[in-house]
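Here are some notes for a colleague who is opening this entry for the first time. Please read them with the structure in view.

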Amino acid sequence: MSMGGGTNAAFGFNYQYMTTAEWLLRFLHEHPTEAPNVALLVEPAHPNAEGKDDDVIDFAIEVDGVVTERIQVKGSFAPSTARAIGLPDARRIFSRLAGDVETGSRLVIATNRLLTASLTDVCVRHPTRPDSRTEYVLPENGSSAHPATESIVVDSRTPAELRAALVQAVRDVRRDQLLGQGAKSAGLLAAALLIEIFDSAADLHASRIAATEVLSLLCLPDRSVAHALRHFDWGTPMLEVPQIASMVPRLDVLQSISQVFDEATATRRPGVVVLEGETGFGKSTVAADFCQLHRHFYENVCWIDCRDPGLIHAQAKDVVTRMTPDAEIDNDVVPSAFRTALGKIAGPFVLVFDGAERRLDVEPYLPTSGCGLVIVTTTNSTGWWATSHRLDIGPLTDDEAVACFQAHAGIGPGATDDVVLDIVHRLGNIALAVSMAGVHFRNCGDDLAELASDYFDSLAALDDSMAIPEGYSRTAFAAVRFAVEQIGKGAEGRESMALLYHASFLAPERIPVNLLMQTVEETTTVDLYRPPKPADVDRERRNTVIANIRSKSLARRHRYVDGHGATNPASDTITVHPLVHEILRTIYSRSAPEGVVDERLVVLITLLYGWTLEFRGRGDYFPLEQLHAHADMILRFADELPRRRPPADTDISRILGYAQLFLRSEMATTLAGRGNHEGGAELAQQAVDGTPVDPVPDLVRVRLILTLTQATIDACESHVNHDTIVALAERLLLEVQKVAAREDDGFDNVVRNTSPAAGLLAHYNGGTDNRLAAVAVGLARAVNQTSSRDDSSGRVLTELEKLITRGKYPEAFAMIPRLTAASSSIHNAVTVTSFSAITLLHMNREGEALPHIDRLLDAESTRRLALPHLRLGLQQVEQALIDTRSQWGSFGPTLEQRLASVEELHRELGPSNDIQE
């Protein structure tokens, strides 16, 4: 490739200034203590024998006012033997560089050109450095009688590699100053440094640039760089690190983690640190401290709560969705997609699995390649990877415990140290107990020793009937209990205490604050058919309550923002320490009057049902998993209530059973909508098994039949245990027969809705199962007994299907608004969309059909929450496209693309079955 003079000149200047910048930063890295006395001289004046500027020095390094290195840069766009530097060339350049050079100085030719054999033969060749630079040193006084060393540094890096090295040098400077090292930030600052050098060379700036000025430029605060870039690109969260206040960082543990981080990031294999210890000893705090205090170490951080495997899966999917927004990620490939996404991150990452119960829960998501560190916190000390670095998180040291207590109590070090040391010793130096005791003593204002005596008397007076966790003394555990009980003291604490008690029946992690606030409204009406919907309560009131809870070290706040920066009513959450959570639940369950716990469970379960119903309709994936973790916790507690105390035959107990049916049914529907038919069938069976055969109110029986219908379909779809299918089917028939014989038509719609289940049962195993076939016949008879003239979705759907089958597309299209009005469910929306596309295609209105086809292809939430309906809709639209192909006209190319997309998605989602809402 031939190059003009202008191109050659541009390359030469670019290469010269990059070499200048990198040379200076390397010099500062190798001589860190001399930085205040170092300066860069850009094209300094250098008179020749005639007194004129020789213009031979491209840049020089000055230390303490003395020039120690004079460098000329010789760059070539395409190094070749024709332009190789020979011995005469070198002698001439060194002679011009020398001048009044000082003893001990260096004269350097920095080049990417080749050297002739005559030059290399007389030089002493130093080993090539890791950065691909090789130094050749001429014998002493080889060119003239001067006291300087003469070196030729040959750099074999390409211009792109040189620029990358300059950016890395900028990152190293910022790392040393505990600042962000994002590639974009470093590139921006490297460009600013090059401009500074150019301005000096062009006499737009002083030719002497102090090293302190350079470091000041490169060490701009992260916020200033982020302002220029319009975002932060270092230390950024993929999933936010929780706000855990650590008054006393455990420096020895943090140093050990840092060493593993350094070793891991030097390779492409992530290191794993397992923090083991009893609950309350500070494992999560150590992990959060590392993430917060060492934010300059990493480019991205991801914090995953690990109490529930489903929540782990949801958080991993959320991360993958953020990192690959255009990709459609099926649930079964989330772990591998998560590992791949982390492995592709250019900069170091930190991944925290907080509260992992066992290795198998997190191993599918553990990245095996990439530049980063994995931290696991756990109370389980067995079964972890042999190659992991296991750190035992025990009690605080005496110094740490004293400092922790004083920080929480607002007491400065000094005269009370001995008293504090005695207090923390009696608390076993356990982090949670020490911090909570410190909060109790805050602003005491009296004699600490006297107050401590009263405090421990109060602890001794507590009953000791509660199980004491492993690793705790009775006194340390009592300190935690005492702190929990004190939050309710005073008017402002009562609401906070009530919220914490209510939260104790949910999972301890990511409890939606807005949901909790709905439990303390002045009046709460339990209506399972019109349950409360998610809503944001007054922000000031919410913040006041959360601040009160956090001030007692009882919980931490966590806000969730999706990949688009949007929030929802479930975004603002608190996480309660597991030990505090258990104590709260035990205290409330024991002290509440008879029936109050049941009432509270009914309210909470009704809220969870209403919230789950709403978020499923919206297609919000992550909040649903969040709510499912809480639903699982409260339902397990409710199931155990009869074993804890004698059953009370009261209205509230029956309502509690009905509420459990509704919530479990909704959870089962969500699972089935995502294609997890087996999980849906299992949950539905649990719901049905907990519901009595008789007496049951009509509205509850409607839910029961709907649940049994969906469970039977899911069981057939997933081919679960045969006895399970039979049990569900026979219970379904029993409930349907009870209502089909009634004279009123209140159950007609729900009976007719069993038709898909009857069809699956009739053909199960080729129709050879007599028991299931008998159920199918019984259901068909019940359907025939009923009739309805209203516009229920089932009725309208049947009429629509008949019109389409007969080819009456205009009439069918005219009926679609009635189907839309009959139901607002996401399943019905899929059906409306597919029928709209089908009828419009057959009416030669291709342009109007396109948006409906695109809606089927693009609705990500539909793929998760209404999978069977989407499969069927795609199958029907695919057939309609094929049937109308000859009529497309000018829309032909566009519709061919849509047909290919429909076929591809249909194959991806698998075969469809006839499902109707």
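**Notes on aromatic pairs and helices**

1. Phe338 and Tyr365 are both buried. In this predicted model, the two residues form an aromatic pair of the edge-to-face kind, with 6.2 Å from centre to centre and 75° between the planes. The pair links distant parts of the chain, since Phe338 belongs to helix α11 (residues 334-343) while Tyr365 lies in the loop between α12 (359-362) and β13 (372-378), 27 residues apart.

2. The ring centres of Phe405 and Phe441 are 5.5 Å apart and the planes stand at 55°, so this pair counts as tilted. It also joins distant parts of the chain, with Phe405 in helix α13 (residues 398-409) and Phe441 in the loop between α15 (431-440) and α16 (448-461), 36 residues apart. Both Phe405 and Phe441 are buried.

3. Elsewhere, ring pairs connect Tyr501, Phe505, Tyr588 and Phe637 into a cluster.

4. Among the buried residues of α5 are Leu189, Leu193 and Ile197, and just after the helix Asp203 takes a positive phi of about 65°.

5. Arg654, in helix α24 (residues 651-673), is partly exposed, with a relative accessible area of 36%. Its C-alpha atom is separated by 9.5 Å from that of Val696, 42 residues apart along the chain.

Key: Residues numbered from 1 in each chain as written. Predicted model: local features only at pLDDT ≥ 70, side-chain atom pairs only at ≥ 80, totals over all residues. Heavy atoms only, no water. Helix = DSSP H or I, 4+ residues; strand = E, 2+ residues; numbered from the N terminus. Buried < 20%, exposed > 50% of the residue type's maximum accessible area, 1.4 Å probe, protein only. Phe/Tyr/Trp six-rings, centres within 6.5 Å; stacked < 30°, edge-to-face > 60°.
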